[in-house]
Amino acid sequence: MEAGDATATRALGRPDPSRPLVAARPRYGEKLIQALLAGCALISVVTTTAIVISLLAPTIGFFGEVSFGQFFSFDDWAPTQADPTFGVFRIVIGTLSTSLWALLFAVPIGLLSAIYLSEYAKPRVRKLVKPVLEVLAGIPTVALGLFAVTFLSPEIQDVFPSFIKTPPFAAGVAGLAIGLLLVPIIASISDDAMRAVPGGLREGAYALGATKLKVATRVVFPAAISGIVASIVLALSRAVGETMIVLLAAGGTANATFDPGQSVLTMTAFIGKTATGDIATGTITYDTIFAVGSLLFVMTLAMNFVAIRLVRRFREVYE
Amino acid sequence: MSRRTPEPMSERTRLASSGARAAVVGSMNRQPGGDVAKGNIFFALLLLAVGIAMLALAAVIVQSAIKGAPSFGLHLITDGPSTIFPEKAGFRPAIIGSLYLILGVLILVVPIGVGAAVYLEEYADSTRWWNRLIELNIQNLAAVPSIIYGILGLAFIVRGPLSLGFIALAGSLTLSLLVLPTVIIAAREAVRAVPPSIREGSLALGATQWQTIRRQVLPASIPGIATGVILALSRAIGEAAPLLLVGAATFVTFDPQPLSGGYSAMPVQIFNYALRPQDEFKVVAAAGVILMLVVLLAMNSFAIWLRNRYEQQW
């Protein structure tokens, strides 16, 4: 502090009692630091730009050789063969199939858990359950994929022997494992949304004679609906983008079906499977990875924007 | 005057009042016992849902432990991968590879993530469109599928502008970009939790803005930032999909180097073992899962403990 005062006096020369309350000299160091920090924040914009550029250039190359009609069709999906066909709808449906089965499991479990955590659980129980759900969200997806093929699939086969057509792989098994991953996402965002509903609404409903069940399902749930929908949309986006579980448990045959017992190929599984080898740049196979990646990016981007808007809405109303 | 009252309105009013009447009559006639039963059934349903979620977590851990138990031993850490002898197959190169990857992520992500968070919270004027763009962008990046980051790494880091090749540093950079949004969001929350009065006090004593940030705001937000960083690192350790695209899939039998040659990583090695048709290798994969889960659970518990321990009440 003393050193600072000394330099300040020296820099000023003579003390002027009438000097205005602004810095005596411009602080270039401060400006430099601000610029550096802004640079850190700009890296995120650079990342997005780089993602778009890296997807776009090969995708344009891809559509130079394959027409839109060939790509967006129900033809066979066989891009690596000598006589390639590119019916992308087959792997889009594969993706939607695993995501659908994941959501069918995760939405009821996740929402009921959220209602429990926000409306019924005592603070002590809540403090125990929430971290456990967080840990569930942190399990590596490879571990969930392995769990699906070595445990879920054989167990399902024991109970329903002819359910899985190509054991141990099936869209439903992969979907169930993805569902485990989605439960904490849905539960935690929906719980936040329901807790943001002001207590006055609950008290008002109780005063009118509503039961606890009615308060939870007819007052709090509808009031938090935008956050709840956001959590489901985010979960869907996560399910569509999930790779390791489907690589391990969904099989890899490009069947255009929603049958949970069939093996399917998803968009992410195609990318993960095809891009592992040393494929040469500029080949049609290499470009196909990027074309599928672009479609995946656009799909998840749309879902994320919807979710971000919905989350913003419930935050604005109640905070 | 009477003609000005629109006909549909009175119809609606009539319907509404008769509806309300029906509801009141209905609720007065209802057996209170039915409500209690319904409430209890619903509560049981809630407990069942939470129970299934908790049971799933326990099942994943217990099943991996049981499945992997036969191949558990020191050779998991000391031996390299093997295609022929599952009893000798281990994770040594993968563990070393993962350590390099995580070290790289730590070095890259902490300064950039905290820097970006400080800029957005302390300097940025959120009414400016570019700052709003950065915020929206970070929110969106946090939800981009990890395999897309793999494509970015392949096109921009392994090949293209940076052309690093399939080395561990390329993997580190890719994982850093992947977890950066999570770190920024966590660090912003930690910085925001420091009350404005602390800043105002410091500024009133003549400190510059950067002095205030460095001496007051950052020290107060370290626990929150550390929690976010640990959670992000544990995500980076378990992430396999983007690494498949930036070269970690190669079958590595030697100790990897950070800046040259092939490398492997723990989750990718587990994936390799899990893909083999022989059940013995699935056992090795399960043992690897347990190894990884122990590390991740320790990190997560430490992060949660840190958050609870240093949650400061101003």
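What percentage of the 314 residues of chain B count as buried? The share is 44%, where buried means that 20 or more other C-beta atoms lie within 10 Å of a residue's own, exposed means 12 or fewer, and partly exposed lies in between, with C-beta atoms placed from the backbone. This is a predicted model, in which local features need pLDDT of at least 70 and side-chain atom pairs count only at pLDDT 80 or more, while totals for chains, interfaces and linings use all residues. Residues are numbered from 1 along each chain as its sequence is written, and chains are lettered from A and ligands numbered from 1 in the order in which they are written.

View 1. Chain A has 13 helices and two strands, whereas chain B has 12 helices and zero strands. Helices (H or I, at least four residues) and strands (E, at least two) are DSSP runs, numbered from the N terminus. In chain A, 47% of the 319 residues are buried. Among contacts with a separation of 6 or more, residues 24 or more positions apart account for 75% in chain A and for 74% in chain B. Two residues are in contact if their C-beta atoms, placed from the backbone, lie within 7 Å.

**View 2. Confidence along chain A.** The mean pLDDT of chain A is 87, and 90% of its residues reach 70 or more; pLDDT is the predictor's confidence in each residue, from 0 to 100.

View 3. Chain A is divided into domain 1 (25–65) and domain 2 (77–318), with bounds that come from an automatic or database domain assignment. The C-alpha centres of these two domains of chain A lie 30 Å apart. Seven residues of domain 1 of chain A are in contact with nine residues of domain 2 of chain A. On the side of domain 1 that touches domain 2, four residues are nonpolar, two polar and one charged. Ala, Val, Leu, Ile, Met, Phe, Trp, Tyr, Cys and Pro count as nonpolar, Asp, Glu, Lys and Arg as charged, and the others, Gly among them, as polar.

**View 4. The interface of chains A and B.** Here 68 residues of chain A are in contact with 72 residues of chain B. Helix α2 (residues 28–65) of chain A supplies the largest share of the chain A side, 17 residues. By class, that side has 45 nonpolar, 20 polar and three charged residues.

**View 5. The largest nonpolar core and A177(A).** A nonpolar core is a set of buried Ala, Val, Leu, Ile, Met, Phe, Trp, Tyr and Cys residues joined through C-beta atoms within 7 Å. The largest has 194 residues, and those with the most contacts inside it are A148(A), A177(A), I186(A) and A249(A). Its largest share, 17 residues, comes from α4(A). Beyond its neighbours within four places in sequence, A177(A) is in contact with residues including L144(A), A148(A) and A249(A).

**View 6. A220(B) and its surroundings.** A220(B) is found in helix α9 (residues 209–238) of chain B. A220(B) counts as partly exposed because it has 18 C-beta neighbours inside 10 Å. Leaving aside its neighbours within four places in sequence, A220(B) is in contact with V194(B) and I198(B).
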